[in-house]
Amino acid sequence: MARPLSQQLADLSVRAKNTEDAVAAAEKEAHDKIEARKKQARAAAAKATEKVNQEIKSVGDTAVRNWTAVRAKIAADMNALKADVAHAKHDRGVRHTEGHAERLEWEAGVAIDYAIASVEQAKLAVLDAVSGRVEAEKAKAS
């Protein structure tokens, strides 16, 4: 059975706080520590993505059809992540590093905005689920 929605929201809150703490720490760390933190974050993102894919697969054909767009977004995000890693391995000149940093900051901002939108969508889904449960309980009682 799926975890309770309140537990999933608590997990989301913890992950958001961990991300906030990681960014604050990364701003103060040496470059090698930042690279290690990025490697850990990349692995965590891949693990979370795989978990979402497994959950979607376990739901069945109906849910899969409803989540096709989400799966495509996840695949695109993972491909972009891989492309970013490959791009970072290439030698970049000094004049490109500032632009690269700005692009990465913009991409991070977009990812945060996407996460915020996802949280808002999750909030609506949770409220719909709670409302549906209340309606089901009322139907049982009458």
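Trainee: What pattern does the protein follow, read along the sequence?
Mentor: The pattern is α-α-α-α-α. The secondary structure comes to five helices and zero strands; helices (H or I, at least four residues) and strands (E, at least two) are DSSP runs, numbered from the N terminus. This is a predicted model, in which local features need pLDDT of at least 70, side-chain atom pairs count only at pLDDT 80 or more, and totals for chains, interfaces and linings use all residues. Residues are numbered from 1 along each chain as its sequence is written, and side-chain values use heavy atoms, with hydrogens and water left out.

Trainee: Where is confidence lowest, and where is it highest?
Mentor: The lowest mean, 60, belongs to helix H3 (residues 61–66), and the highest, 81, to H1. The protein averages a pLDDT (the predictor's confidence in each residue, from 0 to 100) of 77, and 83% of the residues score at least 70. Where pLDDT is low, the predicted coordinates should not be read in detail.

Trainee: Which helix holds leucine 12?
Mentor: Leucine 12 lies in helix H1, residues 5–26.

Trainee: And why does leucine 12 count as partly exposed?
Mentor: Because its relative accessibility is 34%. Buried means under 20% relative accessible area, exposed over 50%, and partly exposed in between (1.4 Å probe, protein chains only).

Trainee: How much of the protein is buried, then?
Mentor: Buried residues make up 6% of the 142 residues.

Trainee: On contacts, what share joins residues at least 24 apart?
Mentor: The share is 43%, among contacts between residues at least 6 apart in sequence; contact means heavy atoms within 4.5 Å.
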